[in-house]
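Visitor: I would like to know how the labels attached to a model follow from its numbers. Please set each value against its cut-off.

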Amino acid sequence: MTKDGSKFEQLSDCGKPLWVVAELTYKCPLKCPWCTNPLDFDDYDNELSTDDWLRAFRQARDLGAMQLGFSGGEPMVRKDLEILVEEADKMGFYTNLITSGMGVTEERLIKLKEAGLKQIQLSFQHSDKDKNDLMVGAVSYEKKIEVLKMIKRHNFPMVLNVPISRLNIDAVEDLIDLCEEHGIEFLELANIQYYAWALLNRDGLLPTKQQLEIAEEKVERARERLGNKVQIFFVIPDYYDGRPKPCMNGWGSIHLSIAPDGAALPCHEAKVIPGIEYPSVKDHDLDWIWNESPAFNEFRGDEWMKEPCGSCEDKKKDFGGCRCQAYLLSGDARNADPACSKSEHFDVIQSAIENAKITSGYRNPIVMRAKGALSTKLSELG
């Protein structure tokens, strides 16, 4: 039951956590300054054990979960990854690995294949070696190329995921060519969402509207040329859309994230919202967490909505937008997402866009994701 007493099934297509993301660790050898991991990631060192994860997987499957993504940080850091994949496959999950490629070896890839891993999403940053390595604060480009070849050699369906920002948006055409060259079926040009490290670095990462329009034109030309040979996903960031995205299809609707310490979350960024106690899979059954916990019922339905969301004709389509973004940009998670042109805080988005015009180029220092928030200037990218 929901907070208003209605049946949960009415709030989504299935009322089940169809998509589960297991954030196995926050550890990662890269220092990506747009990372969605918490700014204080060093404080989270109490990771779930293998048995804890397997118990959570079984409970998620009993709830009707179908897809299980292994993420991080870098999931290859976990030495029990192959065990987790194998057991999840036996439970009937469609499993996919979301990786930077760091830590992937031929031996481990073969073991993951044998364990039942179904698909791999490899993150990639730039078509230029030096720029790629500078962006992530580590020598990684050649390793990523080696890994993508390895993935294709072992016949995994593959998504090349490129977090798009001002630092690489001009390389879109070259990235598409790279996918064509290596036979990669899916390319996700994922315009960065501005949370965590990305929000901290927004002034140096947000592309201008002109850059986005040029990139979109290049994508459309490539789609016409390639057809189904490479399926390209490119979505304009909500900063330029005027309407909020239906974040996770609504709070606690179809998505469940489990943090490295066991906290169960309606989305991976939910911890930024203060005043909500997120239950741990160490202490509670997922059935109770999903259906009964105050955290997962906090923003279900529409009774929580303030105006203009409460009377908006689109509230069943966009669910008021992102609760985390609403909190980060307006100070109240119940406000309309400032990405919406109807929001009284829409000027915050407009100000960021105007600042992107003023600071276009690579003049702003970027804070890399690292212990002590090491600050590095990416002026070499200009």
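This is a predicted model: local features need pLDDT of at least 70, side-chain atom pairs count only at pLDDT 80 or more; totals for chains, interfaces and linings use all residues.

Visitor: Which residues of α3 are buried?

Guide: In α3, residues 106-115, they are Arg 108, Leu 109, Leu 112 and Ala 115. They are on the same side of the helix because they cover an arc of only 120° around the axis. Glu 107 and Glu 114, on the other side of α3, are exposed.

Visitor: What do the buried residues of α3 pack against?

Guide: Their partners are α2 (81-91), β3 (94-99), β4 (119-123) and α5 (141-153).

Visitor: Why is the pair of Arg 153 and Glu 106 called a salt bridge?

Guide: The closest N and O atoms of Arg 153 and Glu 106 are 2.8 Å apart. The criterion is a side-chain nitrogen of Lys or Arg within 4 Å of a carboxyl oxygen of Asp or Glu, so the pair qualifies. Arg 153 lies in helix α5 and Glu 106 in helix α3, so the bridge ties together parts that are 47 residues apart in sequence.

Visitor: What makes Arg 153 and Glu 106 partly exposed?

Guide: Buried means under 20% relative accessible area and exposed means over 50%. Arg 153 has 49% and Glu 106 has 30%, so both fall in between.

Visitor: How do you know whether Asp 133 is buried or exposed?

Guide: The relative accessible area of Asp 133 is 11%. The limit for buried is under 20%, so Asp 133 is buried. Lys 129, at 32%, is partly exposed. These two residues form a salt bridge, with the closest N and O atoms 3.7 Å apart. Being four residues apart in helix α4 (residues 129-136), they are separated by about one helical turn.

Visitor: Where do Glu 180 and Arg 225 lie?

Guide: The side chains of Glu 180 and Arg 225 meet in a salt bridge at 3.0 Å, N to O. Glu 180 is in helix α6 (residues 172-182) and Arg 225 in helix α9 (residues 209-226), 45 residues apart, and the pair links distant parts of the chain.

Visitor: How many salt bridges does a search of the whole structure find?

Guide: The search finds 24. Elsewhere, Lys 27, Glu 47, Arg 78 and Asp 80 are linked in a network of salt bridges.

Notes: Residues are numbered from 1 along each chain as its sequence is written. Side-chain values use heavy atoms; hydrogens and water are left out. Buried means under 20% relative accessible area, exposed over 50%, partly exposed in between (1.4 Å probe, protein chains only). Helices (H or I, at least four residues) and strands (E, at least two) are DSSP runs, numbered from the N terminus. The arc is that of the directions from the helix axis to the C-beta atoms. Contact means heavy atoms within 4.5 Å.
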